[in-house]
Structure formats: structure tokens, C-alpha cells
Protein chains: 2
Amino acid sequence: MGIKVITISRQFGSGGHTIGQMVAEKLGINFYDSAIIDKTVEETGFSPEFIKEAGEYATSANSLLFSLSLASYAQGVGLPSPYDKIFAAQSKIVQEIADSGPCVIVGRCADYILEDRADCLHIFIHASDESRQKRVEENYTDIPGSPEARMREMDRRRRTYYKHYTGRSWGLSEHYHMSLDSGKLGLEACAEIIAGIYKQLM
Amino acid sequence: MGIKVITISRQFGSGGHTIGQMVAEKLGINFYDSAIIDKTVEETGFSPEFIKEAGEYATSANSLLFSLSLASYAQGVGLPSPYDKIFAAQSKIVQEIADSGPCVIVGRCADYILEDRADCLHIFIHASDESRQKRVEENYTDIPGSPEARMREMDRRRRTYYKHYTGRSWGLSEHYHMSLDSGKLGLEACAEIIAGIYKQLM
């Protein structure tokens, strides 16, 4: 079947980023995440801080601003917003990365950007609220606010961002070839399953 | 972790029923589907034809009737409809089956009925429209109307039925521990993945 690229979308706190790294390591292929941001910086000339803010990592306060900004631009005069320019640049880079060889790409709506390519395997990682909250408490000790509030806010933000740029609902099974509950199955088992099917279909 | 029961929900034409049989065979455990209908018949005293019609197998014309009937009962005087009585009886039987030992249960909203049990693994099988249409054409030669129309109608019906009895949206990743695209991954690979993770978590 010629599968070459794995995209991983994930709920905040589900361990999807870690699973992506484990899969890339098991398969001996490249892993992309923050590297995409850096490349985008070079393309667009925007500051690293603004690009980070325009993505999915904004704080709660700025997240509201982000949503309002998206809405006002969407209803506006049809000019691309700075967010749109960043998204367009990120899309171009995601496609270049996919062209460059076997790899794992986490986040950045890569599942949507690469949906027409037959050589991609699109994965969604999720987990129960309890499981994610536990993981957030253990792994994100430097974030403001309660882990639960942060989780809700990040979910809301990713959903808004994904809906705005893809027109699709986030987390719907049919948009992915495989959706896995990392809380129930375990991170290692998820990585094993993904690497295993990649080897079968490559 | 003590997993004992696998429930499989599936889009029409995705091969979820076949995958369920393959998993049960690989694991040497019981498989339940139409057997549930027969047991329900005994419990309720309804005719086998009516139970089949009240489930997910109605024809297009009767499906409209079903939706209208659900809606009118829902807005009515609060008495349980015949459909509600059948659903209640089916739910009871699904729980009895889950109590009876390791098994695979396909359909019947078993994922929802057994959602609070920690010993269940909930699976959703889906596939692209093209893949399902091909499968319907090959495997369902005795159904009326075009395969595409039948597929749409069955999807709509299962969605309506599931929404009515569970209050949830059908096919949302987070309601299942694993969602697999049988068209992309292949039926055998899906069955292998499910049986593999069952063995790890049993």
C-alpha cells in the first residue's frame, strides 16, 4: 500500500506527542513537531512568539482573543489574517516534510493538510478526562491555572482551530485511520500498534 | 487490567460484523449478534419480525416511520414505546451476556449499555464511502435499491437509533477505546490488532 507518513492528532494530556516520538524511534524515521514552527518562522518572517501564540499553545486569556480574531477575520473583508498566513506557511512545510521521506508529524492539522495523499496513515490519540488530568498533573508542572481548566481550555482551543481551518469536527473517527485511547491501552501499546501497522502497509 | 468483553460498533458495509467473528475465532471466545435478537424475542413476547424492524435493519420506507415514531413517543405522554421496551430487554440481555464470560458483542449499542464496566474494550469500525460501497455491492446482493442509497439510509438509521437511546453522537472517537478504518487497514489486520490488545489487557 506504500504508507510513508504518519500524522498524529491528539487531545491535550493524552500522551500523543510521546507516542509519536516512540513510533518514530521504533521505526527509525524522522519526527516533526516544534521543528515545523521553526521552519515556519523562516518562511513567514513572523516572530517565534507570535507563531507559537497563533498555534495551539496560547494561554486562556489569549485564547479568547484568538477565537474572536478568527471570527472577525472570517466575517471581514476576505483578507487573510496573520493566522491564515501562518497556517498557509505551515501547510506548505507539512507537505514538504511529507515529500521528504518517511516520518511522523504531530499536530498542525497535518491529517487534513495531507488527507488526499494515499501514503499517509492518520492517527488520533485520546483518553478519558481522568487519565489526561493525571498526566497533565504529572508532566505539566509549569503551566498556570488548574490542570483541569488548562485541559478544557486546550481542548476548546484545538477544536476551534481545527474547525476553523478544516471545516471539520475534531475527533470524529472517520477522519482518522485509527483512533486510540491511550489511557485504556497504554502509551507503549499504542506505539506498538501504530508501528506494527505501518510496517505492514509500508 | 482484566478485559473480558469486546463490543464492536460499525458503519454499514465496513465489515465490522466479519471482524467481530474473526476476533472471536482468534481468541476462542463467544460471538453474539443475531443471537441477541432471538433471546430478546423470548423475553418480550414480541414477534421476531417486529424486533428486527425495531432494530437497525428496517427498509428505507419503514425507517422514516421508525424515526417519526421515536419522535412522537419522545414528545408524548411519557409511556415507553414498543421500541423502548425492546431496547430495555436487549440491554438486559447484553448485560447478562457480558456477565456470562469472555465474548464479542456486535451492535445493539453494547458500547453504551456496558460503558461503566472496566472489563470491556469498545471498538468502532468504519471505512471510506468508496470502500464500503464496494463491500456492499459484493456482499449484499439481495437488498433493494442502490448500494449507495442503502448505505446512506443505514448510516442515518443507526445514527438516529444510537442518538435516541444513548444521547450521544455516533462514531465520536472518545466513546471507543479503538476506532479502526477497515478499508485502509484491511479486515485481517483489524482483527489481529483487536485480538492482540485483548490478550495484553485480559
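**Charge pairs, cysteines and strands**

Reply: Let's start with a pair in chain B: the side chains of D33(B) and R108(B) meet in a salt bridge, 3.7 Å from N to O (a salt bridge is a side-chain nitrogen of Lys or Arg within 4 Å of a carboxyl oxygen of Asp or Glu). This is a predicted model, where local features need pLDDT of at least 70 and side-chain atom pairs count only at pLDDT 80 or more, while totals for chains, interfaces and linings use all residues. Residues are numbered from 1 along each chain as its sequence is written, chains are lettered from A and ligands numbered from 1 in the order written, and side-chain values use heavy atoms, leaving out hydrogens and water.

Me: Is R108(B) buried or exposed?

Reply: Buried means under 20% relative accessible area, exposed over 50%, and partly exposed in between, with a 1.4 Å probe and protein chains only. R108(B) has a relative accessibility of 4%, so the label is buried.

Me: And which residue forms a salt bridge with R117(B)?

Reply: R117(B) sits in the loop between α6 and β4 of chain B, and the pair links parts of the chain 18 residues apart (helices are DSSP runs of H or I with at least four residues, strands are runs of E with at least two, numbered from the N terminus). The closest N and O atoms are 2.7 Å apart, and the partner is D99(B).

Me: How many disulfides are there over all chains?

Reply: A disulfide is a pair of cysteine sulfur atoms within 2.5 Å. For C103(A), the nearest cysteine sulfur is 7.9 Å away, in C120(A). The sulfur of C190(A) is 15 Å from the closest one, in C190(B), which is too far for a bond. Over all chains, the count is zero.

Me: What is the bridge partner of M178(A) in β5(B)?

Reply: Two strands pair if DSSP finds at least two bridges between them. Strand β5 of chain A (residues 178–181) is joined to β5(B) by three bridges, and the two run antiparallel. Within β5(B), M178(A) has as its bridge partner L180(B).

Me: Which residue in β5(B) does H126(B) stand opposite?

Reply: Strand β4 of chain B (residues 120–126) runs parallel to β5(B), with four bridges joining them. On β5(B), M178(B) and L180(B) are buried on one side, and S179(B) and D181(B) are buried on the other. The residue opposite H126(B) is D181(B).
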